[in-house]
Amino acid sequence: MVRIVFLGPPGAGKGTQAVRLAEYLGVPHLSTGEMFRMAAERKTSIGLLAQEYFSTGRLVPDEVVIGVVQERLSDPDCSGGYLLDGFPRTLAQAKALDAILDQKETPLDRVIELTVAEEILIQRMLARGRADDTRQAVAKRFEEYAMQTKPLSEYYLERGWLVTVNGEGTPDEVFDRVKRTVGF
Ligand code: ADP
């Protein structure tokens, strides 16, 4: 039973590592980015709304994201723990998550932050070519990250949950570090 949040700038390899760690720990991998992309493909009202934001690199409004996550966390498969990837991304989301988890009396166990030098991040993002990875959207995502998401490291450091992992190197090298650092 383990509840983990993954943090890191766009292109840090968060998604790749989050999938591997979730599988390794046997908990569901909850990616808000993936949820929004899937909802957009199915053309649900939340999906179409979210698409207006993610296609230009802006953050989806907090109340929308928080609602989606809150609902997902009450699914039965989350009762044995989970790994959150891409949420929270703002201080308001982090506080909302704390409130939800306080109410359930299920606090987070760890927050893992992947760090990668900025030149490497930009190269990786432009190389992968996802539909929302245009040069302009990528620049906007970095700006949003610096302004809205980076302050979460401090927030979680103060709570004593933060561990920082160097995200440079091959996926296997990084995964070994992730496993060693989280100590599972
Ligand atoms: P990345 O590859 O940059 O980590 P994600 O796949 O996590 O991106 O998310 C893609 C897009 O979905 C983001 O750029 C953002 O518009 C939206 N999104 C995902 N999670 C959140 C969140 N917690 N708050 C606001 N917007 C989000």
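Before I go on, a word on the source. This is a predicted model, in which local features need pLDDT of at least 70 and side-chain atom pairs count only at pLDDT 80 or more, while totals for chains, interfaces and linings use all residues. Residues are numbered from 1 along each chain as its sequence is written, and side-chain values use heavy atoms, with hydrogens and water left out.

Let me begin with the ligand. Which residues are the closest to the ligand? They are Thr-32, Arg-37, Arg-58, Gly-86 and Gln-93, within a surrounding set of 18 residues; a residue is near a molecule if one of its heavy atoms lies within 4 Å of it. Helix H2 gives the largest share of this shell, with 4 residues. Sorted by class, the shell holds 7 nonpolar, 4 polar and 7 charged residues. Here Ala, Val, Leu, Ile, Met, Phe, Trp, Tyr, Cys and Pro count as nonpolar, Asp, Glu, Lys and Arg as charged, and the others, Gly among them, as polar.

I turn to the polar contacts, meaning pairs of N or O atoms within 3.5 Å. A backbone N or O atom of Arg-58 is 2.6 Å from an oxygen atom of the ligand. The side chain of Lys-14 places an N or O atom 3.1 Å from a ligand oxygen. For Arg-128, a polar side-chain atom lies 3.1 Å from an oxygen atom of the ligand. Taken alone, the ligand exposes 550 Å², and the protein buries 96% of that; these areas come from the Shrake-Rupley method with a 1.4 Å probe.

Next, the backbone. Where is the cis peptide bond? The bond from Phe-87 to Pro-88 is cis, with omega near -5 degrees. Pro-88 is placed in the loop between strand E3 (81-85) and helix H5 (91-104).

Two residues other than glycine have a positive phi to report. For Lys-43, phi is near 60 degrees, and this residue is in the loop between helix H2 (32-41) and helix H3 (45-54). For Glu-105, phi is near 55 degrees, and the loop in question runs between H5 and strand E4 (110-115).

Are these residues buried or exposed? The terms are as follows: buried is under 20% relative accessible area, exposed is over 50%, and partly exposed is in between, with a 1.4 Å probe and protein chains only. Lys-43 counts as exposed because its relative accessibility is 60%. Glu-105 has a relative accessible area of 68%, and is therefore exposed.

Leu-73 lies in helix H4, residues 62-73, and counts as buried because its relative accessibility is 5%. Tyr-156 lies in helix H8, residues 151-159, and with a relative accessible area of 0% is buried. Gly-15, with which I opened, is partly exposed, since its relative accessible area is 31%.

Finally, some separations between C-alpha atoms. Tyr-156 and Arg-124, 32 residues apart along the chain, are separated by 27 Å. Gly-15 and Ala-40, 25 residues apart along the chain, are separated by 19 Å.

Key. A polar contact is a pair of N or O atoms within 3.5 Å; within protein, one must be able to donate a hydrogen and the other to accept it, and residues adjacent in sequence count only if both atoms are side-chain atoms.
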